[in-house]
Amino acid sequence: MVPHTNDNEPEHETDRSPAPEETAAPAAPTDTATETTSGAADADRTAAGVDERVAALRRVAAAGRRLRGGRVAGCAALLAVALTAGSIAVGNVRDGDGRGVAAAPGAVAPAVLASGDLDSSIGALQTHLRAQPRDFGGWATLGLAYVEQARVDGDPSRYPQAERALDRSLALEPEGDQALAGLAALAAARHEFTDALDFAGRALKRNPYNERALATRIDSLVELGRYDAASKAADTADTRRPGIPVFTRYAYVRELRGDVRTARRVLEQALDNAVAPGDVAYVATALGQLAWNQGDYTTALDHYARALAADDTYLPALEGRARAQATSGDLAEAVRGMEAVVARAPLPGALVALGELYEERGAEGDRDRARDQYALVDAWTALARAGGVNPDLDTALAAADHGDADLALRAARAEWSRRHTVHTADALAWALHVGGRDEEALSYARRATATGYRSAAFLYHRGMIELATGRTKDARASLTAALELNPGFSPSAAREARAALKTLGAE
């Protein structure tokens with residue numbers, strides 16, 4: 001079914017219980033007054049307990065926060081659902097998709113966040129909770145705020161704080177749907193998708209119209225590789241809470257099935273209905289990423305420009321624009337843009353992309369700069385594990401191309417044991433290939449491309465594996481398809497694909 005718009009169908013105000021964010025202004029922070037400063041203290045203690053690489057990563061993130069300055073309400077309102085997994089939090093390293101089921105806007109009370117940046121809003125929530133410590137809705141909102149702060153700053157050490165705040169909410173209001181939806185978002189952010197699905201289901205039992213729970217349910221099913229169920233969940237969410245968060249997830253489910261036309265149409269419909277700057281930035285960026293994946297760089301840049309006109313601090317749009325600039329030949333601007341992204345949020349996808357841009361530029365010192373970016377991926381991985389996040393998919397993708405082949409394979413196998421998605425299949429296929437196990441890799445490469453999802457990186461991986469196994473006709477078809485779909489999907493990989501095709505042509 002085609003998603004509804006809010007203009008065509010009201011939100012069923014007479015037959016649903018109001019979402020907590022629609023009633024009183026939420027509140028939130030830590031367990032006690034001391035939690036206002038506990039984030040930095042917790043971060044320092046965690047860094048000491050992991051290793052010096054983590055401390056280095058924190059210094060990068062802290063510098064980014066200082067540079068960020070005021071983060072306006074339109075961006076701060078991205079508290080709907082936490083980022084999820086490889087298709088989401090970080091995105092496929094080769095594709096640079098970063099979208100997947102990324103956090104959607106519009107889930108916090110505007111009155112709380114309208115006055116300043118995300119950090120200031122958390123401070124206001126903490127102040128409120130000191131005065132009203134039994135405000136269970138406030139504690140739930142604080143938990144989600146910490147999840148979003150972790151995403152914005154690239155600092156998973158916020159997740160334990162989020163968990164404490166959400167647990168506090170449930171202690172005050174057992175089975176409260178707002179806190180359960182928050183725990184679902186937190187579990188998804190930690191890549192614990194089975195738990196996220198369970199929490200979302202419990203929240204929806206209490207309130208079938210809880211937007212966060214509906215969205216996280218779709219996210220979790222996608223990230224578990226249950227695409228038929230995800231499609232049905234998107235239909236259900238569309239009938240209950242039509243809006244930007246549901247529209248974008250509906251579109252992504254269609255894209256995973258290869259139905260790019262419907263995905264684009266739904267996103268365009270969502271953009272037509274977007275009013276808030278955060279919504280405009282979010283949907284325009286999704287359209288930009290969809291266009292970039294299909295090799296339409298001019299359209300992608302147009303969408304990113306619209307996103308940044310609505311919110312010039314929106315990181316996914318800044319990252320997407322840098323990738324599109326690189327593929328359009330503007331390498332200098334691409335490097336500057338990606339450096340700005342990494343300064344604010346040193347996450348694996350952007351770190352690897354910047355490293356590859358340095359390698360492509362090849363200026364004096366760029367080789368060392370690239371190595372520094374790849375080393376920071378290791379630091380982020382350690383920090384993520386300390387914060388309770390499972391980073392195996394990100395580890396596998398980065399390590400396969402720029403690190404330890406054995407580590408890449410261990411991480412990819414571990415991730416595949418938990419969930420069977422196109423992204424995990426692709427990561428395992430590539431890790432097996434890098435480790436010299438091409439016959440085994442081929443079956444996973446075929447699974448990664450079996451749903452119809454159009455990814456140049458997936459096709460490239462499959463083609464190189466087919467070439468390694470002597471299937472030259474298949475390799476030629478896959479590599480040609482990759483370059484026809486998105487000729488600039490990765491500077492180094494695209495070059496390798498062309499070189500392989502040249503060899504095949506000579507044969």
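Author: The model is a predicted one. Helix 6 (residues 136–153) and helix 8 pack with their axes 9 Å apart, at an angle of about 15 degrees.

Reader: Why is helix 6 called roughly parallel to helix 8?

Author: Angles under 35 degrees count as roughly parallel. The angle between helix 6 and helix 8 is about 15 degrees, and therefore helix 6 is roughly parallel to helix 8. The crossing in which helix 6 passes helix 8 is left-handed.

Reader: Which residues of helix 6 and helix 8 meet?

Author: From helix 6, G137, A140, T141, L144 and V147 take part. They meet Q178, A179, G182, A185, L186 and A189 of helix 8.

Reader: What makes T141 count as buried?

Author: Buried means under 20% relative accessible area. T141 has a relative accessibility of 5%, so T141 counts as buried. This residue lies in helix 6, and its side chain is joined to that of Q178 by a polar contact of 3.0 Å. The C-alpha atoms of T141 and L125 are separated by 8.3 Å, the two residues being 16 residues apart along the chain.

Reader: How do you know whether helix 24 and helix 25 are roughly parallel or roughly antiparallel?

Author: Angles over 145 degrees count as roughly antiparallel. The axes of helix 24 and helix 25 (residues 472–485) cross at roughly 160 degrees and come within 8 Å. Helix 24 and helix 25 are therefore roughly antiparallel to each other. Their crossing is left-handed. Among the residues that meet are L459, Y460, R462 and M464 in helix 24, with D474, S478, L479 and L485 among those in helix 25.

Reader: How do you know that the span of helix 22 agrees with its number of residues?

Author: The expected span is 1.5 Å times one less than the number of residues. For the 13 residues of helix 22 (residues 422–434) this should be 18 Å, and the end C-alpha atoms are 18 Å apart, so the two values agree.

Reader: Why is helix 22 called mostly covered?

Author: The cut-off for a buried residue is under 20% relative accessible area, and 12 of the 13 residues of helix 22 are buried, so the helix is mostly covered. The buried residues include H423, D426, W430 and H433. Among the elements covering them are helix 11 (227–240), helix 12 (244–256), helix 20 (392–402) and helix 21 (405–418), together with helix 23 (438–448) and helix 24 (456–468).

Reader: What is found at the ends of helix 22?

Author: T421 caps the N-terminal end, with a side-chain oxygen 3.2 Å from the backbone nitrogen of H423. Helix 22 is followed by G436, which has a positive phi near 85 degrees.

Reader: Where do E175 and H191 lie, and is each buried or partly exposed?

Author: E175 is in the loop between helix 7 (158–172) and helix 8 (177–189). H191 lies in the loop between helix 8 and helix 9 (193–206). With a relative accessible area of 5%, H191 is buried.

Methods: Residues are numbered from 1 along each chain as its sequence is written. This is a predicted model: local features need pLDDT of at least 70, side-chain atom pairs count only at pLDDT 80 or more; totals for chains, interfaces and linings use all residues. Side-chain values use heavy atoms; hydrogens and water are left out. Helices (H or I, at least four residues) and strands (E, at least two) are DSSP runs, numbered from the N terminus. Buried means under 20% relative accessible area, exposed over 50%, partly exposed in between (1.4 Å probe, protein chains only). Contact means heavy atoms within 4.5 Å. A polar contact is a pair of N or O atoms within 3.5 Å; within protein, one must be able to donate a hydrogen and the other to accept it, and residues adjacent in sequence count only if both atoms are side-chain atoms. Axes are lines fitted to C-alpha atoms, for helices over the stretch in contact, and angles run from 0 to 180 degrees between N-to-C directions. Angles under 35 degrees count as roughly parallel, over 145 as roughly antiparallel, 65 to 115 as roughly perpendicular and the rest as oblique. A crossing is left-handed if the near helix is turned anticlockwise from the far one by less than a right angle, and right-handed if clockwise.
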